[in-house]
Amino acid sequence: MAPSASPLSRLLLSLPKPSHLPPSQNAGAVASKNNQGGRVSLRRREAVAAVLSAAILSRVLPAVADASGECPLEVAPSGLAFCDRVVGTGAAAEQGQLIKAHYTGRLEDGTVFDSSYKRGKPLTFRVGVGEVIKGWDQGIIGGEGIPPMLAGGKRSLRLPPELAYGARGAGCRGWEPTSCVIPPNSTLLFDVEYVGRAVG
């Protein structure tokens, strides 16, 4: 199976091919080119600019999710699903590190149950040691087919109940499951931004 073409390769393949005229038409073609010398020169500049733009974009595009906002989730063996919306450029998160992360948490119906952005302050915690739910630890430091997040990265996560709050739910104000902010056995959706290491 042939490897998929990069954005740069696709652009180069889409550029118009030079026309090969029969000898009888060469004289007319040369005269036409002389009359349109400015246009030919301009087309060359446009082609060079397009190639350079594509080269720059080919380095940026792989790190960003689909422009439509869709982010196809990849499911790990643990059941955790993830998609990198932005691949960071800093250091990878490591087990036991004190880190900062921004997040928005949603139920499957789209209800936002918590967001550090609304508070204007990222969450600070020690990653990979059980200070947060299992899906967060795994989704940030990686493992089981999931790459670690890099500082500056943004990742979408879908956590099955066993990697979230399970049968107990969270934020319950009574015995009724309907009193819970996160109902029992909920699958949770998170958008996580790994800010970087925290000092402390």
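**Note on disulfides and aromatic pairs**

1. The disulfide of cysteine 172 and cysteine 180 is right-handed, because the torsion about its S-S bond is about 100 degrees. The sulfur atoms of cysteine 172 and cysteine 180 lie 1.9 Å apart, where a disulfide is a pair of cysteine sulfur atoms within 2.5 Å. Cysteine 172 is partly exposed at 34% relative accessible area, whereas cysteine 180 is buried at 11% (buried is under 20% relative accessible area, exposed over 50%, partly exposed in between, with a 1.4 Å probe and protein chains only).

2. This is a predicted model, in which local features need pLDDT of at least 70 and side-chain atom pairs count only at pLDDT 80 or more, while totals for chains, interfaces and linings use all residues. Residues are numbered from 1 along each chain as its sequence is written, and side-chain values use heavy atoms, with hydrogens and water left out.

3. The structure holds 2 disulfides, and the other joins cysteine 71 to cysteine 83 with an S to S distance of 1.8 Å. This link is left-handed, with -85 degrees about the S-S bond. Cysteine 71 is buried at 11% relative accessible area, as is cysteine 83 at 8%.

4. Tyr103, Phe113, Phe125, Trp136 and Phe190 form one aromatic cluster. Rings of Phe, Tyr and Trp (its six-membered ring) pair if their centres lie within 6.5 Å, and planes under 30 degrees apart count as stacked, over 60 as edge-to-face and the rest as tilted. The rings of tryptophan 136 and phenylalanine 190 are edge-to-face, because their centres are 5.6 Å apart and their planes stand at 85 degrees. Both are buried, tryptophan 136 at 4% relative accessibility and phenylalanine 190 at 4% relative accessible area.
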